[in-house]
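Me: I am new to this structure and would like to know what lies behind the words used for it. Please take them one at a time.

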Amino acid sequence: MKIRLAHFARSHYPLLLSFFLPIFLMGGYFISQEMFPFGKSSLLTVDLGQQYIDFFSYFRRTLLSNPSGFFYSFSKEVGGNMIGEWAYYLMSPFNLFLLLFPEKNLAAGVMLITLLKYGCAGLSFGYFLKKMRTQSGLTIVTFATSYAMMGWFVANQLNLLWLDATIFLPLIVLQLHRFLSGKRSWPYIVLLAIMLIDNYYMAYMICLFLILYFIWFVFSTKRNLKQIFSLSIHFVVNSLVAVALSMIVLLPTISSLLSSKGQYTQNSVSFKFEYNALKMLSKFIIGSFNFQQMPSGYPNLFIGSIFVIGFILYFIDSKISLRERILAFLISIFLVLSLCFEPLDLLWHGWQFPVWYPYRFSYIISFWMFLLASRTLKNFVAIRPWKIWLSFLLYAGIIAYSFINAKKFSYVTNETLIFTSVFVALSLIVLATALNSKYNKIKIFLLFLISVVEISMNAYISLGNLSYLTQKDYATPTKALIKDSNYLNNLKDSAFRTGQTYSRTKNDGLANNLNTGSYFSSALEKSIPDFYGMIGNPDGDNYVTYSNGTIISDAFLNMKYFITPIDSSLLKNGQPLASLAEKPDLSRYKAVKQNKLTQIYKNNNALGYAYLASNQLKNLQVFYDNPIEYQTEWLNKTLGNKNTKYFESQNFNEVVFQNIEQSTKLTNTVFKKKDFAKSAQIVFKFTPTTNDSYYLTLGSAFDSDNVSLYLNNQQLKQYGTFRHTVVVNIANHSKGQEIVLTARFKKSSLWLNNFVLYRMNNSLVQNKITSIKKHSVNLKQVSSRKLSGTYTATSNHLLATTIPYSSGWTVRVDGKKVPTFKIQNTFLAANVAKGKHSITLTFTPPLFLVGTVITLIGIIMLSFIIILERRKKR
């Protein structure tokens, strides 16, 4: 046994090292930075800490206890189709390792997966080089380690869902090359299908590159039209079979995308360069990544000096056919233009500009550079002096340009320029050295050492430019949320939602099995943020936050429970949970449970997921920036009323201007500083005359970049991004108590757009909600995709829900299917007859069954291809 293992290690050491060396290098860095479980820090940063970790929690719960959650979840804002989320975020096979870790220790699982992906990327590229026979021995390890730790991989380490693309890309290209060369085609089909299921977004980019690679392969050597046509047919058919195999996930995902990301597709394209293309040269400098590069930066292209030199040398290598080099040059030009010319940039991103993390496809360009370098740097043979000098001049130009323009690049420093220069010089010197075969191993080892040190230094400097969430910052709120969730999910109650006045992220609900009404996802349906904007809650293209509810919206949206942090004065060590919003209205709800850090309240006004309404609700208009009017109309049209008013605008008792030009009009007035050099603020004072709810509407100008707001000398708890007018609850049961609101200017002026104080008539609203509840719909949640219950109607009614409309929902009354339609441009509804009836709502993702049939056809076609190829081989 030992002999066999020793033989295996000797014969496969390049691949073993290609896997373990990146893990060792990055693992060592993580340990040195005390990343959990080796210290108090963690790998959680930006989207990994604010979004993906919550999806991983949802992944665990779905697989371990709630399989129907694969199709639908009410933890997705107010409810939504989940197949699109799975296809984008969660289909990586690496995620199965998360099942080994408890919820509070998921950060350790993230580290394990991250290290495994580093190792598998190295192994994948090493295997590619070995089978392509362009490198052997230690040179495979040199290439593979640099590929696994290239600039794109390091910069997107936090985007775990994308990293699989760098693992599958070499394998797919290898199998494409092999089947075009007359070998079996089914491995190509299977690998491409797996990648399409793993992450359709990255797979789309790979598919574009496969077209380029096919062109390069076919036209690099002379072939007649018959041969070209035959290869083209095989390429297209095999690729379509791979697509067919993935349709069980891909087709319902496409349906989901049409209502989410598809709504933001660019309708017009500007034929312009996005920046001076020379600027991307700075990304070949060590450490060319920092936080500023995330929202809007340049392509991450760092691959190490040896391989940039190899890429340059490829085009002047006379041992490679001129035809191949010309084609490679044209493809390279196309790829470079893709990194700076807007139409091509949009093409690679599916005709949508990325929100953060620009030029996400640049891993394709890095792979291409490695591929061409491997064609000419075969076992690092000696390079002729004139080629070395040419490479030196070109690289010197890169360094000189970066040095001259260093002030334009926040990541370029004198130190990183010196480091880059040293590694380039060492690489050129060793590459130029001619040694006989007896000593050539020394040269190979030196280049291996130079490459590994250089790529490691780039990774360490780049990652050192970021800040990370501590394990405590993740575990403490997670532990509190788990306690709250356990209590609420053990209640024998009808289906309900739970509001938050504290949060760790917008996906707390998804992570902890709570239907919070908040969500953050790239696949968010456009109708949801549109609706949130109308009711006065924070919204964006890919997020919503239910933090600004009123008594009315709390009732309609079935916010039956609220979880809130206990006052910090009651805790010995202070309150570690971050408050999300002001919610004085909680004084009207019933306290039902207190945990160590949180309090849970019950809202008896919650109407459930469905309620009986007047047909007038079908006519509720869609309009923005007047949430008070929208909620008034929602309640009135539900009841069939016309002009009942529930809110009354209020005047402030006193307004104090400090270093501000005064005006008697407040709302929609622009106030300017008198002395720009001094601070300025406006103080608004009022004393409630009743114990009713008081709300303040704030327009988009109250963005945190423009003003800081304080309520009674404490910073106003409010989500900082304003896209539409929001409603802020600032008083309840405060009769006779002075309320002071202070607006401190951050700029020279402030526009008080939609700045209005309202008092709600609570008793009137309560009476109206009570009358709706008399004819309520009693629904129980059978599973994530099924609700059932009963209703009693005194006449023909509209069955209104706060479940987002989808053609995937089927409504049955007494077992008979009834037609459904959309109301409020958002929600599912149906017409129902009077009397007492049973009702069932069931969800099946649109096109899922069609996709399943196409996948079955794909399996049959794949089986047929395998049988034919085996017969041909015999």
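Me: What makes Arg-723 partly exposed rather than buried or exposed?

Reply: Buried means under 20% relative accessible area, exposed means over 50%, and partly exposed is in between, with a 1.4 Å probe and protein chains only. Arg-723 has 32% relative accessibility, so Arg-723 counts as partly exposed. This is a predicted model in which local features need pLDDT of at least 70 and side-chain atom pairs count only at pLDDT 80 or more, while totals for chains, interfaces and linings use all residues. Residues are numbered from 1 along each chain as its sequence is written, and side-chain values use heavy atoms, with hydrogens and water left out.

Me: Why is the contact of Asp-539 and Arg-723 called a salt bridge?

Reply: A salt bridge is a side-chain nitrogen of Lys or Arg within 4 Å of a carboxyl oxygen of Asp or Glu. The side chains of Asp-539 and Arg-723 meet at 2.8 Å, N to O. Asp-539 lies in strand β5 (residues 539-540) and Arg-723 in the loop between β17 (714-715) and β18 (726-731), so the pair ties together parts that are 184 residues apart in sequence. Strands are DSSP runs of E with at least two residues, helices are runs of H or I with at least four, and both are numbered from the N terminus.

Me: Is Asp-539 buried or exposed?

Reply: Asp-539 has 1% relative accessibility, so Asp-539 counts as buried.

Me: How do you know that Glu-654 and Lys-685 form a salt bridge?

Reply: The closest N and O atoms of Glu-654 and Lys-685 are 3.9 Å apart, and the pair forms a salt bridge. Glu-654 is in strand β12 (residues 654-658) and Lys-685 in strand β14 (residues 681-686), so the pair, 31 residues apart, links distant parts of the chain. At 38% relative accessibility, Glu-654 counts as partly exposed.

Me: Which residues are joined by salt bridges that share partners?

Reply: Lys-76, Glu-85 and Glu-525 are joined into one network in this way. The structure holds 16 salt bridges. Another pair is Asp-530 and Lys-526, with the closest N and O atoms 3.0 Å apart. Asp-530 has a relative accessible area of 14% and is therefore buried, whereas Lys-526, with 27%, is partly exposed.

Me: Which residues form the nonpolar patch on the surface?

Reply: Phe-273, Leu-322, Ile-326, Phe-329, Leu-330, Ile-333 and Leu-337 form this patch, with about 670 Å² of accessible area together. Patches are made of residues with over 30% relative accessible area and no salt bridge; like charges are joined within 9 Å, and nonpolar side chains (Val, Leu, Ile, Met, Phe, Trp, Tyr) within 5 Å. Accessible areas come from the Shrake-Rupley method with a 1.4 Å probe, and for residues only the protein chains shown count as cover. Ile-326, found in helix α13 (residues 322-338), has a relative accessible area of 44% and is partly exposed.
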